[in-house]
Amino acid sequence: MIHVYEELGDTSRRRLLSELREGPKTVSDLVVATFMKQPNVSSHLARMRCKGIVRAEKVGRQVFYSFASSEIESIVKTALTKREVCDKHLDLCDCSSRYAAAAIVGDESVCAEIIDLASRAEMSLLDIYQDLLGPAMVMIGHWYREEQIDTAQEHMASAITERMMSRVVQRTVAARSLDKTAILGCGPNSWHVIGLRMLADFLNVSGWKTLFLGANVPHKCFLKMVDQNQPDLVLVSCVAEDGLDCGLSLIKQLGELRTTGRKFVIGVGGPCVCKNRDQFLAAGANFTCSNLRTFAEKYLPSIERNGKAPIEWSADSKSV
């Protein structure tokens, strides 16, 4: 049975064996569950089949893979259960650091393994985004600003992270629909969307309908989407200082749209917003927010309950 433990030592094959604990699976099932490419899944299965660890059974036109014997199944389940008990006590700082290091060199399998560790530790989508992926992306951003990595590496790490976020969402059970709509986007000259995408994902699994507009949305298009869809909440991201003027202008125009009878809450976030909080509140934002957990715990309950965010005062409004 030493072959079993050898296969469990490989990240990809361990993921496949972990999925087989739920019962027989086709190659397609395993591709969807593990996010691995089909040729890689087939290759790993063929290897383990040759070693007598898994077997294949044809049912109609499909081939199902399962453990070759009950003894092997027992060994795998015991080994992975022990591993998962250890995984309950994650060092999140270490996980974030390892994730960031893997992402900037394109090692997506390591990133996926870290996300899987977090899932096995029963971390929620909120916790994975806030405590693991968030710090990792902050680290990557710091490396980029210090010119320790280049633009291509930063873009690659961001793309990997968006795929890992999809992985987390697919494993999260969504709440019942709340019949509420949120529109999220960045105005002109604002390109960083991962933080906003995290908010959209959290709202989705919380039962909201979300319309995610993405980066660099012209004011006219943004306002048209709000006017046509009559959302309950509009969230705007402004990350870089060169997007400040456009961001403030968008918030002012959104505020003017509310004077025509539209009722929606306006929230803004991002490093640029944190540095210019009073200006955004004076422009018409109902609240500013620096992270997902604050949004989820401080603002969202009030918005869902009575359609209003807790009042924030700018320095200008306090002096009036």
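What is the handedness of the crossing of H7 and H8? The crossing of these two helices is right-handed, and the legends below, which describe a predicted model, return to this pair in the second view.

View 1. Helix H2, which spans residues 11–20, and helix H7, which spans residues 108–120, pack at an angle of about 40 degrees, and their axes are 10 Å apart. On the H2 side the contact is made by Thr11, Arg14 and Arg15, while Ser109, Ala112, Glu113 and Asp116 contribute from H7. Sorted by class, this contact has four charged residues, two polar residues and one nonpolar residue. Nine of the 10 residues of H2 are buried, so this helix is largely enclosed by the rest of the structure. The buried residues of H2 are Ser12, Arg13, Arg14, Arg15, Leu16, Leu17, Ser18, Glu19 and Leu20, and Arg14 and Arg15 also take part in the contact with H7.

**View 2. Helix H7 also packs against helix H8.** Here the angle between H7 and helix H8, which covers residues 125–145, is about 140 degrees, with the axes 11 Å apart. H7 and H8 are therefore oblique to each other, and the crossing, as stated at the outset, is right-handed. From H7, the residues Ile114, Ile115, Ala118 and Ser119 meet Ile128, Leu132 and Leu133 of H8. By class, the contact of H7 with H8 has six nonpolar residues and one polar residue, with no charged residues.

**View 3. Strands S1 and S2 form an antiparallel hairpin.** Strand S1, residues 54–59, pairs with strand S2, residues 62–67, in the antiparallel sense, and six bridges join them. Within this pairing, Ala56 stands opposite Tyr65 of S2. The hairpin has two residues between its strands, and Gly60 takes a positive phi near 65 degrees.

**View 4. Five strands make up an open sheet with parallel pairing.** The order of the strands across this sheet is S4-S3-S5-S6-S7. Its edge strands are S4 and strand S7, the latter covering residues 287–289, and each of these edge strands pairs on one side only. Neighbouring strands of the sheet are turned by 20 degrees against each other on average, when direction is ignored. Within the sheet, S5 and strand S6, residues 265–269, run parallel and are joined by five bridges, with Ser237 standing opposite Gly269 of S6. H10 lies across S3, S4 and S5, and runs at about 170 degrees to S3. Helix H12, residues 244–258, lies across S5 and S6 and runs at about 170 degrees to S6.

**View 5. Leu233 is a buried residue of strand S5.** Leu233 lies in S5, which spans residues 233–237, and because its relative accessibility is 0%, Leu233 counts as buried. When neighbours within four places in sequence are left aside, the residues in contact with Leu233 are Thr181, Ala182, Ile183, Leu203, Trp208, Phe264, Val265, Phe287, Phe295 and Ile303.

**View 6. Asn189 and Asn216 each have a positive phi.** Most residues other than glycine have a negative phi. Asn189, although not a glycine, has a positive phi of about 65 degrees, and its place is in the loop between strand S3, residues 181–186, and helix H10, residues 194–205. At 37% relative accessibility, Asn189 counts as partly exposed. Asn216, likewise not a glycine, has a positive phi of about 55 degrees, and lies in the loop between strand S4, residues 209–214, and H11. Asn216 is partly exposed, with a relative accessible area of 28%.

**View 7. Lys224 is an exposed residue of helix H11.** Lys224 lies in H11, which spans residues 219–229. Because exposed means over 50% relative accessible area, Lys224 counts as exposed at 51% relative accessibility. Lys224 and Pro188 are 36 residues apart in sequence, and the distance between them in space is 15 Å, taken from C-alpha to C-alpha.

Key:
Residues are numbered from 1 along each chain as its sequence is written. This is a predicted model: local features need pLDDT of at least 70, side-chain atom pairs count only at pLDDT 80 or more; totals for chains, interfaces and linings use all residues. Side-chain values use heavy atoms; hydrogens and water are left out. Axes are lines fitted to C-alpha atoms, for helices over the stretch in contact, and angles run from 0 to 180 degrees between N-to-C directions. Helices (H or I, at least four residues) and strands (E, at least two) are DSSP runs, numbered from the N terminus. Contact means heavy atoms within 4.5 Å. Ala, Val, Leu, Ile, Met, Phe, Trp, Tyr, Cys and Pro count as nonpolar, Asp, Glu, Lys and Arg as charged, and the others, Gly among them, as polar. Two strands pair if DSSP finds at least two bridges between them. Angles under 35 degrees count as roughly parallel, over 145 as roughly antiparallel, 65 to 115 as roughly perpendicular and the rest as oblique. A crossing is left-handed if the near helix is turned anticlockwise from the far one by less than a right angle, and right-handed if clockwise. Buried means under 20% relative accessible area, exposed over 50%, partly exposed in between (1.4 Å probe, protein chains only).
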